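These are my notebook entries on a structure that I had not examined before. I set down what I looked up, topic by topic.

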Amino acid sequence: MSAYILPVLIIMVLIFAFIRRVAVFDSFAEGAKEALKLIGSIFPYIAGIFVCVTLFRVSGLAAAVTKLVTPFSNTIGIPPELTELIVIRPMSGSGSLALIENIYETYGADSYIARCASVIMGSSETIFYVAAIYFSTTNVKKLRFAIPIALFASVAGAIISCLLCRFL
Amino acid sequence: MNILFVIICVVSIGMICLINPESAISVMLEGTRGAVDLSLKMTAIYALWMGILKIMEKSGLSYYVSKIFRPVTKLFFKNESKETQDIISMNLTANFLGMGGAATPLGILAMEKMQDGTERATDNMIMFFVINVTSIQLLPATIIAMRSTAGSHNPSDIILPALIATTVTTLIGIILVKLFTGVRKTRK
């Protein structure tokens, strides 16, 4: 059912624009042209984040941090199997999807751990990546308390997710 | 961001040097190659969505769409211009529907419009960022698809808990931003 939503929306957009006598094809091209410019300006930031995240993961630092925070995350109600996901999630979308895939294989897609992981993934974002991209074309260098608040809300969300999966 | 980047990179490269110094450069190149791959993928996605967004803009449709989250933008971003509020509203709509490819270009544009020329993020920019990264997605489509591939019997049974969790995190985020910006204002 949900698979119809986007295609149907796009059909409606096209028909609506055509009726309104918009130069549909030219408008599409005009918009698409800006995509290249946008990627050009955010690529350097993506590169920086990716170098950092790859180093973090491959060097074993991610595993070390995971080990360090496991006792803490355990006391606030996050199962130890999910600590690595909580650590990687704000940094890398593809990295956390790989972890989830692994969790599905190890514990089964309908297990408590897998459901928690799914809910955590579905209710959070790659905070550091979004921060780098969203502010990339502005002059802003100081994000003030933006990231701490986002991380705090994200961890709170993980706790709530694990709690909800017990009942729902 | 700056300190974090330096600390993570220095410690990681140091750790790699202890085990296998030859691999250090190739690991970093793996990172930039990943960035190139993602950027190519995103170029395709942005070209599609920015094309469609332009059609919506020219036909006046974006005006109607931006009405959906108008109450929210009026509540949190009332001192921004009407145009900026419309972009924010469109971004929230796209996020809500899980159209990340459309949400990101709009988000970047909204940030450009909200900056005040200084190096400090404004209160509104922080609020907008926090609302965006606490995820307001209605359907976690990718995860549902992955679960069904992995053989789940009821892949969509995570929709309700995810919706509750995401609502709560967004509320926590908003309250914290209000709290922190409030504190600063009373100090003035």
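What percentage of the 188 residues of chain B count as buried? I found that 44% of them do. I note at the outset that this is a predicted model.

**Entry: chain B as a whole**

I looked up the secondary structure of chain B and found nine helices and zero strands. Read along the sequence, the pattern is therefore α-α-α-α-α-α-α-α-α, by the runs that DSSP assigns. I then turned to its dimensions. The radius of gyration of chain B is 20 Å, whereas a compact globule of 188 residues would have one near 16 Å. Along the principal axes, the C-alpha atoms of chain B fill a box of roughly 55 × 55 × 35 Å. Among the contacts in chain B with a separation of 6 or more, 53% come from residues 24 or more positions apart.

**Entry: chain A as a whole**

I made the corresponding search for chain A. Chain A has eight helices and zero strands, and from the N terminus on its elements run α-α-α-α-α-α-α-α. A compact globule of 168 residues would have a radius of gyration near 15 Å, but I read 20 Å for chain A. The box filled by its C-alpha atoms is roughly 60 × 40 × 30 Å along the principal axes. Of the 168 residues of chain A, 47% count as buried. Residues 24 or more positions apart account for 63% of the contacts in chain A with a separation of 6 or more.

**Entry: helix α1 of chain B**

I followed helix α1 of chain B, which covers residues 2–19 and has 18 residues. From its first C-alpha to its last, α1(B) reaches 26 Å, close to the 26 Å expected at 1.5 Å a residue. I listed its buried residues as B:I8, B:S12 and B:I16. Seen down the axis of α1(B), these buried residues fall within an arc of 55°, so they line one face of the helix. The face turned away from the buried side carries exposed residues, namely B:N2, B:I3, B:V6, B:I7, B:V10, B:G14 and B:L18.

Against which elements do the buried residues of α1(B) pack? I found α2 (24–58) and α3 (61–75) of chain A, together with α2 (24–59) of chain B.

**Entry: where the two chains touch**

I next examined the contact between the chains. The contact takes 78 residues from chain B and 75 residues from chain A. On the side of chain B that touches chain A, the elements giving two or more residues are α1, α2, α6 (100–114), α7 (123–133), α8 (141–149) and α9 (159–187) of chain B. The largest share of that side, 22 residues, comes from α2(B). By class, I recorded 48 nonpolar, 23 polar and seven charged residues on the side of chain B that touches chain A.

**Entry: the largest nonpolar core**

I looked for the largest nonpolar core and found one of 101 residues. The residues with the most contacts inside it are A:A117, B:F129 and B:V130. Helix α2(A) gives the most to this core, with 16 residues. Leaving aside neighbours within four places in sequence, A:A117 is in contact with A:L82, A:L85, A:I100 and A:I103.

Most residues other than glycine have a negative phi. A:R144 lies in the loop between α7 (127–134) and α8 (146–167) of chain A, and B:S135 in the loop between α7 and α8 of chain B.

Is B:S135 buried or exposed? B:S135 counts as buried, because 25 C-beta neighbours lie inside 10 Å. A:R144 is partly exposed, with 17 other C-beta atoms within 10 Å.

**Entry: two residues in helices**

I checked B:N124, which sits in helix α7 of chain B. B:N124 has 23 C-beta neighbours inside 10 Å and so counts as buried. Apart from neighbours within four places in sequence, B:N124 is in contact with B:F77, B:E80 and B:M114. Its C-alpha atom is separated by 43 Å from that of B:C17, 107 residues apart along the chain.

Lastly, I checked A:F72 in helix α3 of chain A. A:F72 counts as exposed, because 10 C-beta neighbours lie inside 10 Å. The C-alpha atoms of A:F72 and A:T83, 11 residues apart along the chain, are separated by 9.7 Å.

Key
Residues are numbered from 1 along each chain as its sequence is written. Chains are lettered from A and ligands numbered from 1 in the order in which they are written. This is a predicted model: local features need pLDDT of at least 70, side-chain atom pairs count only at pLDDT 80 or more; totals for chains, interfaces and linings use all residues. Helices (H or I, at least four residues) and strands (E, at least two) are DSSP runs, numbered from the N terminus. The expected span of a helix is 1.5 Å times one less than its number of residues. A residue is buried if 20 or more other C-beta atoms lie within 10 Å of its own, exposed if 12 or fewer, and partly exposed in between; C-beta atoms are placed from the backbone. The arc is that of the directions from the helix axis to the C-beta atoms. Two residues are in contact if their C-beta atoms, placed from the backbone, lie within 7 Å. Ala, Val, Leu, Ile, Met, Phe, Trp, Tyr, Cys and Pro count as nonpolar, Asp, Glu, Lys and Arg as charged, and the others, Gly among them, as polar. The radius of gyration is taken over C-alpha atoms; the globule rule is 2.2 Å times the number of residues to the power 0.38. A nonpolar core is a set of buried Ala, Val, Leu, Ile, Met, Phe, Trp, Tyr and Cys residues joined through C-beta atoms within 7 Å.
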